[in-house]
Amino acid sequence: MNGVDAVGVLYGLEAINAHNGWAISIVGVTIVFTGLVALSALISQLHKLVALYDNPGRIKKLFASKSGSAAKAGTPKKYMVLTEAQKQICRQYNLLAQTMDDAISLPKFLRMAELSGLNDPHANINLLIKSGILCADKQGYFTWDEDIFIRTTS
């Protein structure tokens, strides 16, 4: 009979071979197996979602890093205590910073300090950075913090 009946209709393994049945069955098994793996992974992690639902404080801890930096910004700053000579140096550099843009390029600031004849520009700019008067931004430039300058030098 060779898998063909009297009418000419295929049946059995010959019918599966003739109509790509093996490929279709492999794809079907793969889809079902992938779905079961995904479902088991979801169920295995479900306890974490339930724990977050039971303790909403843990959700706040996840986002605490962003709010922690905001809280630090709200705390009062400690100002460095400078000697009178250091205060005078800060005033000289303040005059120099006023001639520059809001975003201060440190190499340009150093060059202008050297051209102006200020003593020890590297050490003094380091002092300004440590005291917080000269603040770095995220783009590689520095800004002059007038509030800290006034509080530190007064």
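This is a working chat about a predicted model of one protein chain.

Student: What are the ground rules for the numbers here?

Tutor: The model is predicted, so local features need pLDDT of at least 70 and side-chain atom pairs count only at pLDDT 80 or more, while totals for chains, interfaces and linings use all residues. Residues are numbered from 1 along each chain as its sequence is written, and side-chain values use heavy atoms, with hydrogens and water left out.

Student: How many helices and strands are in the protein chain?

Tutor: Nine helices and two strands. Helices (H or I, at least four residues) and strands (E, at least two) are DSSP runs, numbered from the N terminus. In sequence order the pattern reads α-α-α-α-α-α-α-α-β-β-α.

Student: What share of the residues counts as buried?

Tutor: 20% of the 154 residues. Buried means under 20% relative accessible area, exposed means over 50%, and partly exposed is in between (1.4 Å probe, protein chains only).

Student: Where does UniProt place the transmembrane region?

Tutor: The unreviewed entry puts that feature at residues 22-43. UniProt positions are given in the numbering used here, feature names are shortened, and annotations may be inferred rather than shown by experiment. In the model, the span is 100% helix and 0% strand, with its end C-alpha atoms 31 Å apart.

Student: Which residues form the nonpolar patch on the surface?

Tutor: Val32, Leu36, Leu39, Leu42 and Ile43, with about 490 Å² of accessible area together. Patches are made of residues with over 30% relative accessible area and no salt bridge; like charges are joined within 9 Å, and nonpolar side chains (Val, Leu, Ile, Met, Phe, Trp, Tyr) within 5 Å. Leucine 39 lies in helix 2 and is partly exposed, at 44% relative accessibility.

Student: Switching topic. How many salt bridges does the structure hold?

Tutor: Two. A salt bridge is a side-chain nitrogen of Lys or Arg within 4 Å of a carboxyl oxygen of Asp or Glu. In one, glutamate 84 pairs with lysine 87, and the closest N and O atoms are 3.6 Å apart. The other joins arginine 151 and aspartate 147, at 3.2 Å from N to O.

Student: Why are glutamate 84 and lysine 87 about one helical turn apart?

Tutor: Because they are three residues apart in helix 6. An α-helix has 3.6 residues a turn, so residues three or four places apart point the same way. Arginine 151 and aspartate 147 are four residues apart in helix 9, so about one helical turn separates them too.

Student: What else is buried in helix 6?

Tutor: Besides Lys87, the buried residues are Cys90, Tyr93, Asn94, Leu96 and Ala97. The buried residues of helix 6 pack against helix 7, helix 8, strand 2 (142-144) and helix 9 (146-153).

Student: How far does helix 6 reach?

Tutor: Helix 6 covers residues 84-98, and its 15 residues reach 21 Å from first C-alpha to last, close to the 21 Å expected at 1.5 Å a residue. The expected span is 1.5 Å times one less than the number of residues.

Student: What does serine 131 contact?

Tutor: Met80 and Ile148, leaving aside neighbours within four places in sequence. Contact means heavy atoms within 4.5 Å. Serine 131 is found in helix 8 and is buried at 6% relative accessibility.

Student: Which residues have a positive phi without being glycine?

Tutor: Among them are asparagine 20, at about 55 degrees, and aspartate 120, at about 45 degrees. Most residues other than glycine have a negative phi.

Student: Where do they lie?

Tutor: Asparagine 20 lies in the loop between helix 1 (13-18) and helix 2 (21-44), and is exposed at 53% relative accessible area. Aspartate 120 lies in the loop between helix 7 (106-115) and helix 8 (121-131), and is exposed at 55%.

Terms used
Accessible areas come from the Shrake-Rupley method with a 1.4 Å probe; for residues, only the protein chains shown count as cover.
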